[in-house]
Amino acid sequence: MKKDIDMRVTTIERATKETQISCTLNLDGSGVCVTDTGIPFFDHMMEAFARHSLLDLGLTCTGDLEVDAHHSVEDCGIVMGQCVARLLGDRAGITRFGEAIVPMDEALVMSAVDISGRGALFWDVEIPIEIIGTFDSTLAKEFFVAFATNAGLTLHISSLAGENAHHIVECVFKSVARSFMKAVSIEPRHDGHVPSTKGVL
């Protein structure tokens, strides 16, 4: 992890009866990811998200995997979203909007992000319901609900094509990563102002 104090970097820890999570997030990173959630496929998705959004991510989670992976995946989304909200602050100077269409073999996913302060997920993704390793494919949506809500993002995700659950889920994470990277990037022409005609987000 980069330690430059001028970077947008923070750490949040969260403990419940179901999960214990530590997340360090650097919005101005280079795609470095160190993650251990006990869910190998989810770790793989976090690595893809970090690499394609060029954020640095340190994420550890000890959860009640003897129940299932739901609490761990959802709570990681909560904490990552909280990190984003803290780092963006009043959202001054950012680009605000981002979009991407990403292919992965037969899968094709479109995503769009508005850092609006109004956290909501609009999900139109068809994924076969199956277990990928130890990861239930339905948990992809649960992660992004938690992430978008806690980060204050309006997030649209739509699948345009796809048959293989692994490909579709990975394509979703990569597409959102690309959209997110654009949206949180600093736009110098905003001259430090909030990108809204209202003056506040």
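This report walks through a predicted model of a protein, from its overall build to a few individual residues.

**Overall build**

Let's start with the whole chain. The protein contains four helices and ten strands, and along the sequence these elements run β-β-β-α-β-α-β-β-β-β-β-α-β-α. Its radius of gyration is 16 Å, close to the 17 Å that the globule rule gives for 201 residues, so the protein is as compact as a globular protein of that length. Laid along its principal axes, the C-alpha trace covers about 45 × 35 × 25 Å.

The contacts tell us how the chain is put together. Taking pairs of residues at least 6 apart in sequence, 77% of the contacts join residues at least 24 apart. Buried residues make up 51% of the 201.

**The core and helix H4**

In soluble globular proteins, nonpolar side chains tend to be buried together. Here, the largest nonpolar core has 60 residues, and Leu57 and Phe144 are the members that touch the most others. Helix H4 is the element that gives the most to this core, with eleven residues.

Most of H4 is covered, with 16 of its 20 residues buried. At the start of the helix, Asn164 places a side-chain oxygen within 2.9 Å of the backbone nitrogen of His166.

Which side chain does the side chain of Ser111 meet in a polar contact? The partner is the side chain of Ser179, at 2.6 Å. Beyond its neighbours within four places in sequence, Ser111 is in contact with Gly98, Glu99, Ala100, His156, Ile157, Ser175, Val176 and Ser179. Ser111 has a relative accessibility of 1%, so it counts as buried.

**Ile12 in strand E1**

Strand E1 (residues 9-15) holds Ile12. Setting aside residues up to four places away in sequence, Ile12 touches Ile21, Ser22, Cys23, Val79, Gln82, Cys83 and Arg86. Thr24 is twelve residues from Ile12 in sequence, and their C-alpha atoms are 6.6 Å apart. Ile12 also counts as buried, because its relative accessibility is 10%, below the 20% cut-off.

**Two residues with positive phi**

Most residues other than glycine have a negative phi. Leu54 has a positive phi of about 60 degrees and belongs to the loop between helix H1 (40-53) and strand E4 (56-63). Arg96 has a phi near 85 degrees, also positive, and lies in the loop between helix H2 (70-88) and strand E5 (97-104). Are these residues buried or exposed, or partly exposed? Leu54 counts as partly exposed, whereas Arg96 counts as buried.

**Accessibility at a glance**

| Residue | Relative accessibility | Class |
|---|---|---|
| Ile12 | 10% | buried |
| Leu54 | 37% | partly exposed |
| Arg96 | 11% | buried |
| Ser111 | 1% | buried |

Note on methods. Residues numbered from 1 in each chain as written. Predicted model: local features only at pLDDT ≥ 70, side-chain atom pairs only at ≥ 80, totals over all residues. Heavy atoms only, no water. Buried < 20%, exposed > 50% of the residue type's maximum accessible area, 1.4 Å probe, protein only. Polar contact = N/O pair within 3.5 Å; in protein donor to acceptor, adjacent residues only side chain to side chain. Rg over C-alpha atoms; globule rule 2.2 N^0.38 Å. Contact = heavy atoms within 4.5 Å. Core = buried A, V, L, I, M, F, W, Y, C linked by side-chain atoms within 4.5 Å.
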